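Please look through the structure shown below with the following report beside it.

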Amino acid sequence: MTTTAVTATAATTATSATTAATGRAPTPGPVPVLWLALLATPVAAAANAPVLILPDMAASLGVPTETAARLVAAFAWAMAVSVPLMAGLLRRRGLTPVLRLSGALLLGGTLLVAASPWLPAALLGRAAQAAGGAGLVAAAMSLAGSARRMGVISAGFGMLGAAGPLLGAQLSHAVSWRLSLSVSLLSLLALPAVGRHAAVTAPPTAPRSRFDARGAALLTVLATALVLLPHAPAAALGSASASAAVAVAALAVVAVAVAVALLALHVRRRPDGFVPAALVRSPLFLGSSLLALALSTSYFTLLFAVPRLLADRAGWDVTAAGAGQLVALLTGSALSWLLAAASARLGRTAVRAVLVTLGALAALLAVFASWGPLLLVATLGGVFGATGANAVLSMQAASSVPAPQRPTAIGLFSLCYQLGGAFGPAIATALVLGGA
């Protein structure tokens, strides 16, 4: 967003984003942002809840801890893949079907996780939880309408994500690990309020084109290959020779390249399909999405690496490192809202300069700092940059295309952000944790 005509642009963006999200005429007023935050943010706590309780989960399911970790990977994969798919449904069918499907998936998946004594069923339940959460996230982001309101949602993501491991541990010790994986059900409390917003909107008037099933399938294959890419070599190395790990890595790269080529060819044949050509040709969308991917990857790298760096360089124990990082994450997430609130006044160039500067500073501190508080500042800067990027750059990405395509733009932008959650831990393992 440029510095000229800021107020008019913000108002236009809010109205058009609401229209795009519902496929219908806008209501007299937007959904209160706290309802949107409640709709979207509990999934962040649910995603991180298993971090400290994997051994308990593994013992209950009768599997090794490494195998139980698949519950984390399944959630991350389903979340990354489902956000653009749900955004596509939002674009074609409107808000009400997305809310109904997402609520059903979230509730059904949670019940399956709560009741199943077998890992395969629990994996299916976690994937359903993530898909439902992804739909609610897509709906909330599309209804946000401005960087300020999106900042509230993003700050909530960061804060609940930071508190997720501790919350999961407390619920597990007090009741059961299955309750820890059910915290995303809190999102259902916001469904009536957001659903009333959908109910009073006018019916869709735009004609519906034939669903681009091939484009959706190709995007799903590409997202899956990208999520698996950083983990495939490590998995192969853990069970076979180094040459096997290299071969697996090469196959993963080839799979990504083939998926990219096939999707690019499909976009050329159907420019108005599931992945609109207007998006992939937009410098504003590509720049916003790639910067968000870089900042997200940096943040997730720091999230996993800094506790080990605090122990190795500063001599902090696990309790001190965990408490310090939690404070840094909560503070950085809360402060990111200030950037989102001021983004309209600052302008696009200044906001990006702040994000790039803080992201680079956080990385440099992580590389060179040996004093514990400076390493925590690196964590604060990392979460500030990633959360701020999610709030501000998502709105910039959405503004790069016509209103009907904005839910799709937000969905694909969110996919890029979610990929940082796959790349970051792998980078941290390779650079810091591998020698543990």
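## Aromatic pairs

In this predicted model, the count of aromatic pairs comes to 2. One of them joins Phe211 and Phe274, whose ring centres lie 6.2 Å apart and whose planes stand at 90 degrees, so that the pair is edge-to-face. Phe211 belongs to the loop between α11 (191-199) and α12 (213-228), while Phe274 belongs to the loop between α14 (242-269) and α15 (277-280), and the pair therefore ties together parts that are 63 residues apart in sequence. The two partners can also be described by their accessibility: Phe211, at 40% relative accessibility, counts as partly exposed, whereas Phe274 has a relative accessible area of 7% and is buried, because the cut-off for that class is under 20%.

Tyr299 and Phe300 also form an aromatic pair, with 4.8 Å from centre to centre and 50 degrees between the planes, an arrangement that counts as tilted. Both Tyr299 and Phe300 are buried.

## Packing of α7 and α8

Two packed helices are described by the angle between their axes and the distance between the axes. Helix α7 (residues 95-115) packs with helix α8 (residues 119-144) at an angle of about 150 degrees, and their axes are 7 Å apart. Since angles over 145 degrees count as roughly antiparallel, α7 and α8 are therefore roughly antiparallel to each other. The crossing in which α7 passes α8 is left-handed.

## The setting of Leu166

Leu166 has its place in helix α9, which covers residues 147-174. With a relative accessibility of 43%, Leu166 counts as partly exposed. When its neighbours within four places in sequence are left aside, Leu166 is in contact with Leu52 and Leu326. Leu52 and Leu166 are 114 residues apart in sequence, yet their C-alpha atoms are 7.5 Å apart in space.

## Confidence of the model

The pLDDT of the protein averages 83, and 86% of the residues score at least 70. There are stretches where the confidence is under 50, and these call for separate mention: over residues 1-28 the pLDDT stays under 50, and for this stretch the model has 58 contacts beyond four places in sequence. Over residues 202-207 the pLDDT likewise stays under 50, and here the model has 6 contacts beyond four places in sequence.

Technical notes. Residues numbered from 1 in each chain as written. Predicted model: local features only at pLDDT ≥ 70, side-chain atom pairs only at ≥ 80, totals over all residues. Heavy atoms only, no water. pLDDT = per-residue confidence, 0-100. Contact = heavy atoms within 4.5 Å. Helix = DSSP H or I, 4+ residues; strand = E, 2+ residues; numbered from the N terminus. Buried < 20%, exposed > 50% of the residue type's maximum accessible area, 1.4 Å probe, protein only. Phe/Tyr/Trp six-rings, centres within 6.5 Å; stacked < 30°, edge-to-face > 60°. Axes fitted to C-alpha atoms, helices over the stretch in contact; angles between N-to-C directions. Parallel < 35°, antiparallel > 145°, perpendicular 65-115°, else oblique. Left-handed = near helix turned anticlockwise from the far one by under 90°.
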